[in-house]
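Welcome, and please open your viewer with a selection panel at hand.

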Amino acid sequence: MDLINDFIAKMLPYTEWPMFILLILGGLFLVFYSKLLPYRYFGHAIAITMGKHDKKDAKGDVSSFQALSAAVAATVGLGNISGVAIAIHDGGPGVVFWIWMTALIGMCIKFYSCSLSIMFRGTDADGNLQGGPMYYITKGLGEKARPLAIFFAICGLFGFLGVFTANQFTETFMSVIEPSQTIYAMSDVNWKWTIGFVLAGITSIVIFGGLTKIAKVASAIVPFMVAVYLIAVVVVMALNASEIMPALKMIITEAWNFNTIVTGGFWGLVIIGVRRAMFSNEAGLGSAPMYHGQSKTDNPIKEGLVAMLGPFIDTIMVCTFTAVVIILSGAYLEDQSGIVMTLSAFEKTLYGFGDDLLMLIVTAFALSTLFTYSYYGVKCLSFLTNAKIGKFYNWYFVVMIVFAAVASLELVKNLIDLSYALMVIPNMIAVLLLAPKVNKAANEYFKKLKNGGA
């Protein structure tokens with residue numbers, strides 16, 4: 001594991017510039033190229049999500065709400081609860097500002113990429129409707145761009161493993177439950193193996209049921225658990241109301257701290273923010289278009305508007321709340337990273353019950369994320385081979401859950417960071433090249449909308 005980690009850590013710096021240029025500069029280009037369109041129609045996006053503009057005869061497998069729930073299930077989860085803690089540990093409170101900036105740009109990237117996922121849907125070897133980067137690369141840019149799609153799918157075989165989630169759930173369980181004292185006396189390593197096998201077993205039951213089962217489970221669990229988490233955070237903030245403004249002020253002032261002690265200085269601070277924001281909301285990564293590509297809609301722009309709500313919900317809202325709790329509790333000053341820092345923050349601020357409540361929330365988030373991520377990997381392997389072989393990804397996915405339970409946080413974090421940075425490259429190249437087609441469709445859609453026909 002140490003050898004693998006050392007190799008990945010050496011590769012990571014080479015991906016920083018391509019990721020930054022494509023995600024931030026490419027994203028800013030889309031913001032201005034769209035004339036701020038996604039932000040101007042924010043209210044309309046909410047109306048579409050609530051089903052006000054649904055058409056019964058539209059093609060697809062799941063509703064826009066279910067697609068958003070499933071995509072948010074994969075993002076609102078441990079990326080927002082422990083990912084923010086890792087960001088603050090690695091870069092200090094100022095890193096949250098750069099997470100916000102990346103998320104705002106990410107809303108526009110999601111609008112374009114998920115519109116393309118409907119515009120260029122394809123069918124797999126079984127004749128099922130499919131969407132996602134592999135399809136809009138090959139159908140939108142043509143067969144000459146197939147190497148880009150293949151590169152994306154290969155990176156996805158690693159990036160879409162549930163290793164981070166399994167690792168952080170195990171840390172939470174070990175920290176809160178302390179099983180060797182409260183359940184059964186055995187070594188921590190044996191407990192981690194046990195948790196890994198149990199998690200793998202539960203995940204197997206759902207993921208072998210396919211997309212509709214995943215979407216049903218996710219749309220049932222996620223809204224409820226997001227609500228419970230937000231209520232817990234609001235209670236903490238209400239009890240410490242006087243500390244909220246100082247915490248937000250610290251985020252903004254530290255974001256511009258050029259003398260920061262972060263590795264890599266100010267540039268390191270920005271990169272940590274971009275990485276953690278991408279991990280939090282997946283904008284530019286190309287995973288959400290795979291879900292939104294299955295939506296029951298015939299209009300690409302409607303789906304793009306629904307998708308752009310994802311970064312707002314999981315990063316602007318949930319990440320900010322988590323960050324404020326971590327900062328006002330003082331947990332960020334302790335030498336701990338990941339979920340353990342967030343647990344400490346909740347325990348301090350919710351009369352000693354916060355960590356138990358967070359354990360429940362983390363369990364739901366962890367399971368929903370594991371259920372959804374496997375589906376992305378199946379699509380990648382199906383594209384590289386065929387739909388029958390693609391289903392074998394689930395077995396590999398389940399085995400890696402067990403591995404992740406005993407791996408170090410550093411290893412799983414580096415593996416995901418490298419895979420994500422590499423996946424951004426082919427996806428963002430395709431999104432930028434195909435953006436004019438989205439603009440054309442958007443102009444037509446909003447003309448119809450003004451005339452009452454959308």
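Before the first stop, a word on geometry: axes are lines fitted to C-alpha atoms, for helices over the stretch in contact, and angles run from 0 to 180 degrees between N-to-C directions. This is a predicted model, in which local features need pLDDT of at least 70 and side-chain atom pairs count only at pLDDT 80 or more, while totals for chains, interfaces and linings use all residues. Residues are numbered from 1 along each chain as its sequence is written, and side-chain values use heavy atoms, with hydrogens and water left out.

**The whole chain.** Colour by secondary structure and you will find 24 helices and 2 strands (DSSP runs numbered from the N terminus: helices are H or I with at least four residues, strands E with at least two). Of the 454 residues, 60% are buried (under 20% relative accessible area with a 1.4 Å probe, protein chains only; exposed is over 50%, partly exposed in between).

**Stop one: H8 and H15.** Select residues 95–119 and 244–255. At what angle do helix H8 and helix H15 pack? The angle is about 85°, and their axes are 6 Å apart. H8 and H15 are therefore roughly perpendicular to each other (65 to 115 degrees; under 35 is roughly parallel, over 145 roughly antiparallel and the rest oblique). Now show the side chains: Val96, Phe97, Trp98 and Trp100 of H8 meet Leu248, Ile251, Ile252 and Ala255 of H15 (contact means heavy atoms within 4.5 Å).

**Stop two: aromatic rings.** Rings of Phe, Tyr and Trp (its six-membered ring) pair if their centres lie within 6.5 Å; planes under 30 degrees apart count as stacked, over 60 as edge-to-face and the rest as tilted. By this rule there are 19 aromatic pairs. Pick Phe42 and Phe312: their ring centres are 5.0 Å apart and their planes at 70°, so the pair is edge-to-face. Phe42 sits in helix H4 and Phe312 in helix H19, 270 residues apart. Next select Tyr445 and Phe446, an edge-to-face pair with 5.1 Å from centre to centre and 75° between the planes. Both Tyr445 and Phe446 are buried.

**Last stop: H10.** Select residues 146–159. Buried residues of helix H10 include Phe152, Cys155 and Leu157. The buried residues of H10 pack against several helices, among them H9, H21 and H24.
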